[in-house]
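Please work through each task before reading its solution.

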Amino acid sequence: MFEGKEWLMRLSAVPGGSGDESRVAAALMEAAGPYVDEMTLDAIGNAILTRRGSGSRRPRVMLAAHMDEISLLVRAIEPRGFLRVSQAGGFDPRALLGQEVLVHGRETLRGIIGSKPPHLSSAEDRKKSIPLDDLFIDIGMPEEQVRKLVAVGDRITIDKPVMALLEERLAGKAMDDRASLTAMLICLDELTRLRAKADVFAVGTVQEEIGCKGAQTAAFGLMPDLAVAIDVCHGETPGISDDRVQKIGGGPVITFGPFIHPQLFARLRDIAKDNRMDVQIEVAPGHTSTDADPIGTLQAGIPTALISIPLRYMHTAVETLDYADVRNAGILLAQFIASLDAEFVEGLSCF
Amino acid sequence: MKELIRGLLTVSGGSGNEGGVAAAIKAQVSGVADEVFTDILGNLFAIKRPKGAGSGKTVMLIAPMDEPSVVITDIGENGYLRFEPLGRLQASALIGARVRVGRTGRLGVIGVESKADHAHLEFQHLFIDLRTADAASAAAYAQVGDTATFAYGMEELDDHTVIGHALGSRAACVVQIEAFKNANSSATIVAVFSSQAQVGSRGAQVAAYRIRPDLAVAIDISPTGDTPEAKRISLTLGGGAGIKALDRDMVVAPAIREQLSRAAVKAEITAQIEVSPQAHSEAGAVFLSREGIPTGGVAIPVRYADTLSQMADLRDMTACVQVLEAFLSDL
Amino acid sequence: MLLKELTESSGPSGFETEVRDLIRKEAQPYADRVYTDALGSLIVETGVQHPGPKVLIAAHMDEVGLMIVGITPEGLLRFRAIGGVDTRILVAKSVRVGRDRLFGVIGSKAVHLQESGERDIPLKLEQLFIDIGARSQEQARKYIQEGDFAVFTTVYEEMGDGRAKAKSFDDRVGCAIALDTLKQKFSIPVTYAFTVQEEIGLRGAGPVAYRVKPDLAFVLEGTVCSDVVGTPSHGEGTRLGAGPALSVVDRKTIVDRRMLDFLMAIAHDNNIPYQLRRVLGGANDAGAIHLTEMGILSAAISVPTRYIHAPSQEISLDDVAHSQQLLVAALRRIEQGGYPSI
């Protein structure tokens with residue numbers, strides 16, 4: 001049996017900034033090995049895990065969950081060895097102050113994002129947040145040594161172990177989107193006990209955080225009959241109206257809207273109902289800002305759906321979710337895939 | 001190199017009107033290319049195949065032919081032209097600028113309505129004065145849809161520093177021309193001189209789809225951080241060839257960055273890493289083509305990149321050429 | 001012309017069913033093949049037995065609209081825009097909403113109840129609700145669920161001197177021209193595509209172009225027109241009644257000069273009035289089509305539309321007729337081999 005929660009905690013810890021996902025791919029492949037027939041890395045680093053279905057007319061299903069996390073890059077090395085940074089992906093700089101990081105230079109080095117002590121900052125200072133450009137990283141060594149070990153362009157990731165909160169709730173960095181990778185793995189494990197006709201291409205995609213890039217190119221290469229993107233969505237947050245957020249622990253979220261194929265949405269909702277699984281429905285009047293967006297219009301068009309896992313405090317070091325939602329997302333996906341046949345796929349172009 | 005830059009800067013190349021630049025570049029590369037052709041969007045392709053068996057691989061170089069320009073959208077009854085920007089231009093920076101209508105070569109000056117608030121200046125407040133009497137006589141020099149580019153050309157500051165109005169395009173083209181001419185590779189080299197880069201890498205998108213290379217390198221300029229109170233960017237003018245790690249449209253995979261850095265070491269030139277969150281390049285569009293194309297970038301450091309007086313160092317440009325040559329010869 | 005039926009059909013982006021069914025019924029008798037693709041675009045093939053060049057005519061079915069995202073305890077509907085809607089225009093308008101196409105009104109605080117200065121500040125989307133007359137959230141839920149769409153209630157009517165008003169001329173007028181054109185026979189393969197999701201990012205047209213792989217493409221649009229009092233010439237974009245507007249450049253396309261010259265020559269030879277579109281803002285399906293694969297020669301012929309994206313839009317019926325004449329003349333010229341190529 002696949003140990004989902006342990007793998008999620010392990011995957012969360014792996015550093016993998018956008019464009020530098022090879023360590024995540026390796027961990028993903030290690031986890032998926034027992035459940036798939038084939039594993040490849042494509043030319044730009046997407047991890048493609050293939051599990052063959054049975055029968056002669058096998059639908060081709062692509063799953064997309066992204067491997068990358070938001071990260072920083074060294075932009076300049078300052079006198080006395082402090083590092084200035086740029087971001088790849090969208091941080092709230094206010095949430096970076098005082099964090100611990102790993103600097104991936106010639107060696108992996110510990111660092112702290114520095115801050116001015118309250119004693120030395122004026123009341124006026126404390127009214128302003130500090131922009132990303134003014135943040136600096138301290139790796140605790142003299143400039144000469146820094147310059148030997150670190151170069152402009154080197155990657156920096158948040159360093160924070162996962163914490164188990166009450167019940168099945170977990171908090172940590174990069175739960176966006178390692179939670180979805182875990183759901184994909186749970187799905188692959190579930191499929192070993194189901195009879196599915198479809199060939200499944202479970203893709204750990206690269207560079208989602210900087211424009212959903214890997215999913216686009218992977219889908220172009222795979223040319224699936226349909227695709228499901230798996231990502232995180234916002235959990236309920238005080239002060240935010242409830243049509244923008246979902247309950248953590250309330251079940252996987254299925255998106256409805258123009259970017260989502262209506263028949264795939266309906267099938268996912270029906271499968272959840274048949275399995276007596278609680279799901280939440282999110283409506284999106286336009287883009288979803290996930291891997292689903294570029295996949296849908298590739299080539300002659302690919303029917304696409306989106307399943308999300310609600311998560312609070314997105315893009316911070318303490319992204320918080322309920323593991324039950326991850327597990328159920330994986331089960332829902334597997335049951336959905338097991339329900340697919342060639343006839344259903346052909347019907348997707350009938351409007 | 002200097003004369004080549006000067007020559008290319010005398011040609012107007014607004015987005016969608018790159019024909020003149022393409023013709024000038026074609027004259028440069030025809031002699032060494034096995035094949036030269038253009039496509040629907042106006043991209044110019046020059047192909048150099050390996051001598052002998054070759055590796056069977058294709059590498060694509062790409063540099064933009066178009067420069068920031070304005071497109072004429074209206075000819076007033078009084079003969080003054082109204083226009084909108086193609087590319088990343090700021091309205092306030094254009095007051096008093098000298099422009100040339102690409103198709104006819106007519107010079108003009110950009111004026112501003114006196115009532116306009118300079119702090120919130122928009123393009124609708126600007127006009128081009130061709131010194132014609134009325135709409136009918138203006139129409140002889142400009143029509144709706146014509147592009148006009150800035151008319152400054154190249155000046156030399158010292159023996160290795162040049163200033164020009166469209167170095168963002170032409171300096172990259174010159175580096176690519178030189179690298180293509182000199183290159184010896186076991187891979188097939190396709191040099192793409194692209195159209196419509198300023199309006200969002202449109203030429204690059206269809207060019208990459210056509211060529212489907214195994215590997216691509218985008219050649220562009222990138223702003224430096226070595227001027228007073230500049231943004232914290234580590235590129236410096238005269239600091240050597242820039243090797244792209246990150247720009248607004250692209251994060252380069254570490255392996256490709258290292259491949260280019262090794263080429264710099266081999267060529268014994270100074271290189272610097274480009275981390276420029278504000279700079280654009282065509283690398284991102286090429287990367288996204290088809291199944292995904294591994295893509296890197298070489299950046300020419302330029303001061304005042306967003307102005308009509310861009311400053312480049314010929315030694316940096318030579319270094320860029322040498323990095324590319326070493327990179328290509330190692331494929 | 002089916003302008004009345006087409007503009008009174010509901011079809012915001014992603015929900016084009018009503019429009020698609022209407023067009024399919026009309027097109028079927030004249031087509032060699034009619035089918036939909038995976039996004040819902042309707043593709044109508046004609047002249048398949050003829051040799052090339054293959055021409056694609058594209059018009060988008062979708063309109064801007066609203067999507068219900070929540071229901072308040074009082075039974076009012078919370079919504080967000082599908083496509084580009086100026087929130088300021090929504091106040092005191094009426095909509096059809098939900099599967100039963102119920103009437104709904106978008107109300108606002110009465111002027112008497114406002115504090116001084118309030119009316120100077122535009123209302124935000126979060127301050128606006130659709131009222132279907134429900135007494136409670138439970139009652140509203142019987143008719144409406146999250147994800148339902150709403151569209152304006154405007155009726156098509158002719159007005160003034162050869163003008164007409166309706167909602168969604170952008171781009172049902174393009175659909176109408178395409179539908180009328182496909183009733184004529186041409187000795188070249190012409191594929192008519194009624195695309196989806198143009199208003200939310202030109203999403204339908206790219207997949208259509210990839211599938212059809214035409215040699216030439218013509219996009220039919222309703223485009224911006226602001227030739228109204230107080231606007232200088234360079235702010236108009238187009239003029240109502242001055243003929244079809246040919247795109248030169250917009251946010252997503254620099255139109256190929258050969259295509260533009262081709263259309264202008266045809267207009268000239270056939271005494272069809274035309275104008276050049278004189279504004280950069282806006283975009284149409286050509287933006288996606290011309291960048292498909294290795295590039296496709298594309299042009300756009302548009303009907304100037306005042307108050308585009310607002311509930312009541314105005315067009316000149318002469319412009320519609322001239323747009324169609326220009327398109328037909330272009331297809332006839334292509335039949336004779338006189339088309340641009342590189």
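This is a predicted model: local features need pLDDT of at least 70, side-chain atom pairs count only at pLDDT 80 or more; totals for chains, interfaces and linings use all residues.

**Exercise 1.** Determine the strand order of the open sheet in chain A and explain why E1 and E15 stand at the edges.

*Solution.* The eight strands follow the order E1-E2-E12-E3-E13-E16-E14-E15 in chain A, and their pairing is mixed. Strands E1 (38-41) and E15 (280-283) of chain A each have a single partner strand, so one side of each lacks a neighbour in the sheet. On average, neighbouring strands of this sheet are turned by 25° against each other, direction ignored.

**Exercise 2.** Identify the strands touched by helix H4 (residues 175-191) of chain A.

*Solution.* This helix packs on the sheet and touches E2, E3 (60-66), E12, E13 (226-234) and E16 of chain A. The direction of H4(A) makes about 135° with that of E13(A).

**Exercise 3.** Characterise the packing of H2(C) against H4(C).

*Solution.* First, the axes of H2 (residues 17-27) and H4 (residues 169-181) of chain C come within 11 Å and cross at roughly 15°. H2(C) is therefore roughly parallel to H4(C), as angles under 35 degrees count as such. The crossing is right-handed. Next, C:Val19, C:Ile23, C:Glu26 and C:Ala27 in H2(C) meet C:Arg172, C:Cys175 and C:Leu179 in H4(C). By class, this contact has five nonpolar, two charged and no polar residues.

How values were computed: Residues are numbered from 1 along each chain as its sequence is written. Chains are lettered from A and ligands numbered from 1 in the order in which they are written. Side-chain values use heavy atoms; hydrogens and water are left out. Axes are lines fitted to C-alpha atoms, for helices over the stretch in contact, and angles run from 0 to 180 degrees between N-to-C directions. Helices (H or I, at least four residues) and strands (E, at least two) are DSSP runs, numbered from the N terminus. Angles under 35 degrees count as roughly parallel, over 145 as roughly antiparallel, 65 to 115 as roughly perpendicular and the rest as oblique. A crossing is left-handed if the near helix is turned anticlockwise from the far one by less than a right angle, and right-handed if clockwise. Contact means heavy atoms within 4.5 Å. Ala, Val, Leu, Ile, Met, Phe, Trp, Tyr, Cys and Pro count as nonpolar, Asp, Glu, Lys and Arg as charged, and the others, Gly among them, as polar. Two strands pair if DSSP finds at least two bridges between them.
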